[in-house]
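Have the viewer open as you read.

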Amino acid sequence: MHRFKIAAAAACLALAACAAEVVRQPSELKPTADAAPRSFVLRDSVKYMLDSRYERVLRGYTQFVEVGSIAQGRVLRPTNAVMTVEGKHMHEAYAVVKDDRLIGFYLPVERSFSPLSQPVSLTLEERKTQ
Amino acid sequence: MKLLRLATIASTTALLAACASGPKLAEVKSSIPALKPSEGRIYFYRSNSMMGAALQPEIKLNGKVVGNSKPGGFFFVDAAPGPQEVMTSTEVEKKLTFTLGAGETRYVKTSIGFGLMVGRVYPELVDNAVGQKEMEDSSYTGQPLKR
């Protein structure tokens, strides 16, 4: 019985230690054509859970600039904060937004879309350029 | 009892020796060269924690060794703009990917996590404000700087 407990604990540790790769699919970013791209500020902090079970918080007043779009939605790059997704490895990420909801991430190095199974609402205010 | 005391002293000495011992950031700040407009800069640092202090793996940037992850240490690398891949290896490989723009500065923190046999060192991209603040007490472990 004691051996079984040790084996079970070791198995749990092994599973916890072997995080899976971040789920992603190739995606082509169509850059925004605007000379002055739209920029936004997040009004309230938002907490969300990545599919890999890592938790993330987007702080209120995080600023974004719209860099383009992919098939899944608009792509917003944070300018005063860092966004990452994490599984076996960690990747810089931009927010993919559709209907005012964060539905996933665009990974600029991998040129891929990584979906968020549980999308969260974002309250974004557009910043007016002078 | 005497043996236990000796072992404690030896392990404490080893842990202290494992920490970075270069000049503090404030001492070298004025000697850090200005960033060339055609390049970006990446600061690598690790908090001064005793946990896993003996674990000091190499840090690779785009496949090339650029330094080691030392507790309480920091160094920087200037690189051509574009996609970057940071990798650390202990019992497993841990990678971080991010973009670097011309004239841009980014901060990569390495942290110790639990592994099956030994600890693991995780590279993490952090906000610039966080990186600047957390590096304040760090010691410089990079290439000698011109004064």
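Before going on, a few conventions. This is a predicted model, in which local features need pLDDT of at least 70 and side-chain atom pairs count only at pLDDT 80 or more, while totals for chains, interfaces and linings use all residues. Residues are numbered from 1 along each chain as its sequence is written, and chains are lettered from A and ligands numbered from 1 in the order in which they are written.

**Confidence**

The model scores ipTM 0.85 and pTM 0.86. Within chain B, confidence is highest in β1(B), at 98, and lowest in helix α1 (residues 2-18), at a mean of 53. Where pLDDT is low, the predicted coordinates should not be read in detail.

Chain B has three helices and nine strands; helices (H or I, at least four residues) and strands (E, at least two) are DSSP runs, numbered from the N terminus. From the N terminus on, the elements follow the pattern α-α-β-β-β-β-β-β-β-β-α-β.

One open sheet of chain B has five strands in the order β8-β7-β1-β4-β9, with mixed pairing. Here two strands pair if DSSP finds at least two bridges between them. Since β8 and β9 (139-140) of chain B stand at the edges, each with a single partner strand, one side of each is left without a neighbour in the sheet. The bridges inside this sheet can be set side by side:

| Strand pair in chain B | Sense | Bridges | Opposite residues |
|---|---|---|---|
| β1 and β7 (105-113) | parallel | six | B:I42 and B:R106 |

Strands of a sheet pair through backbone hydrogen bonds, either parallel or antiparallel.

Which strands make up the open sheet of six? Its order is β8(A)-β9(A)-β6(B)-β5(B)-β2(B)-β3(B), again with mixed pairing. The edge strands are β8 (84-86) of chain A and β3 (64-68) of chain B, each of which pairs on one side only. Neighbouring strands of this sheet are turned by 20 degrees against each other on average, direction ignored; axes are lines fitted to C-alpha atoms, for helices over the stretch in contact, and angles run from 0 to 180 degrees between N-to-C directions.

The chains are joined in this sheet where β9 (residues 90-92) of chain A and β6(B) run parallel, with two bridges between them. There, A:H91 stands opposite B:T97. On the chain B side, β2 (residues 58-61) and β5 (residues 82-89) pair antiparallel over three bridges, and B:K60 has B:M87 as its bridge partner.

**The interface**

In total, 13 residues of chain B are in contact (C-beta atoms, placed from the backbone, within 7 Å) with 13 residues of chain A. The elements of chain B that give two or more residues to this side are β6 (93-100) and β8 (120-126), and β6(B) gives the most, with six residues. By class, the side of chain B that touches chain A has six nonpolar, three polar and four charged residues. In this count Ala, Val, Leu, Ile, Met, Phe, Trp, Tyr, Cys and Pro are nonpolar, Asp, Glu, Lys and Arg are charged, and the others, Gly among them, are polar.

**A buried arginine**

Not counting residues up to four places away in sequence, B:R120 touches B:T90, B:E91, B:V92, B:K94, B:G113 and B:G115. B:R120 and B:V92 are 28 residues apart in sequence, yet 7.3 Å apart in space, C-alpha to C-alpha. Across chain B, buried residues make up 32% of the 147 residues.

Terms used:
Two residues are in contact if their C-beta atoms, placed from the backbone, lie within 7 Å. A residue is buried if 20 or more other C-beta atoms lie within 10 Å of its own, exposed if 12 or fewer, and partly exposed in between; C-beta atoms are placed from the backbone. pLDDT is the predictor's confidence in each residue, from 0 to 100.
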